[in-house]
Amino acid sequence: MELKWSILIKLLIVQYLSVLCVSQDFDFFYFVQQWPGAYCDTKHTCCYPKTGKPAADFGIHGLWPNYKDGSYPSNCDPDSVFDKSQLSEIMSSLQKDWPSLSCPSSNGYRFWSHEWEKHGTCSESELDQREYFEAALKLKEKVNLLQILKKAEIVPDDGFYSIDSVVEAIKEAVGFTPGIECNKDSAGHSQIYQIFLCVDTSGTEIIECPVLPKGRCASNVQFAKF
C-alpha cells in the first residue's frame, strides 16, 4: 500500500510540474505601444503621471507572451511579485518610455506591477523581472514609431490617414507587418490607439506575427493630438 501511495504522489508531482512548465511556455511576444493622445481622447478619464505630462510619443503598454493560436497565458507565477528595487537603475527610463495614464495620477508602480504579474511572469522561462523590463525598453529604442510615421508624413495633428498607409509605413521601416488597434473618441472617430509588433521568445528580435490582433479600425483613422 505504501508503495502505491509513493507512486501516486510521484505521479501527481510530475503532473504538477508538467502543468507548471506548460504555463511558462509561449510562442512569441506582442510588443505593444500606445498613443497617449488616443488614450486620453476617449470617454475614459486620463491622468498624467506624478512626474508630469509625458512626451508626445508612443509609450510602452506591455510585452505580452502569446500563443500562435491567438490565446495567451496570464498570471503564471503568483509567487513572483513586482519588486521595484530590481528596477532602480532603469526607473527613469521606465517613467519616460512606459508612463501610466490611468487615474488617479501615479508613480507608475501599479501599472508596471500589473504588467509583470499578468504577463511578465509567463515569460520567466526566458527573462527575469529586470530583463523583462529592459527588453521592452530596448525594443522601444529600436522601433521609433513616431519617427517612422512622421517620415511617411503621418503626424499627430488630428488629421485622418488611411489605415493602409499607417501599416505600410511601419512595415517598410521595420520589415514586418504590424497590428493596429483603434479606439473611438467621443465624436465616434476611429483613432490610432495601439500598435503591435511581434517579437521572438528571447524578447530581442522582431518577427512576422504568427497571428495579428483584431484592430477594428476604420479605413481612415485619426492621429490625435497630444
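Hi everyone, and thanks for coming. Please keep in mind that we are looking at a predicted model.

Let's start with the active site. The name comes from an unreviewed UniProt entry, which lists H61, E115 and H119 under "active site". These three span 59 residues in sequence, but no two of their C-alpha atoms are more than 11.2 Å apart, so they gather at one spot. Two of them, E115 and H119, are included in the lining of the largest pocket.

Let me take E115 by itself. You will find E115 in helix α4, which covers residues 109-118. Is E115 buried or exposed? E115 is buried, because its relative accessible area is 2% and the cut-off for buried is under 20%. Setting aside its neighbours within four places in sequence, E115 is in contact with H61, G62, W64, W98, G120 and Y132.

Now on to H119. This residue is in the loop between α4 and α5, and it counts as buried too, at 5% relative accessibility. Not counting residues up to four places away in sequence, H119 touches L63, W64, P65, H114 and Y132. With W64 there is also a polar contact of 3.5 Å between the two side chains.

Next, the disulfides. How many does the structure hold? There are five, and I'll walk you through three of them.

One joins C40 and C46, with the sulfur atoms 2.0 Å apart. Both ends are partly exposed: C40 at 21% relative accessibility, and C46 at 25%.

Another joins C47 and C103, again with 2.0 Å between the sulfur atoms. This pair links distant parts of the chain, 56 residues apart: C47 is in the loop between α2 and β2, and C103 is in the loop between α3 and α4. The link is right-handed, with 100 degrees about the S-S bond. C103 is partly exposed, at 31%.

Then we have C76 and C122, whose sulfur atoms are 2.1 Å apart. They also link distant parts of the chain, with C76 in the loop between β2 and α3 and C122 in the loop between α4 and α5. That link is right-handed, with 95 degrees about the S-S bond. Here C76 is buried at 10%, and C122 is buried at 0%.

For your notebooks, numbering the bonded cysteines in sequence order gives the pairing 1-2, 3-5, 4-6, 7-10, 8-9.

Conventions:
Residues are numbered from 1 along each chain as its sequence is written. This is a predicted model: local features need pLDDT of at least 70, side-chain atom pairs count only at pLDDT 80 or more; totals for chains, interfaces and linings use all residues. Side-chain values use heavy atoms; hydrogens and water are left out. UniProt positions are given in the numbering used here, feature names are shortened, and annotations may be inferred rather than shown by experiment. On a 1 Å grid over the protein atoms alone, a cavity is a set of points where a 1.4 Å probe fits but cannot get out, and a pocket is an open set with protein on both sides within 12 Å along at least five of seven lines; lining residues have an atom within 4 Å of a point. Helices (H or I, at least four residues) and strands (E, at least two) are DSSP runs, numbered from the N terminus. Buried means under 20% relative accessible area, exposed over 50%, partly exposed in between (1.4 Å probe, protein chains only). Contact means heavy atoms within 4.5 Å. A polar contact is a pair of N or O atoms within 3.5 Å; within protein, one must be able to donate a hydrogen and the other to accept it, and residues adjacent in sequence count only if both atoms are side-chain atoms. A disulfide is a pair of cysteine sulfur atoms within 2.5 Å.
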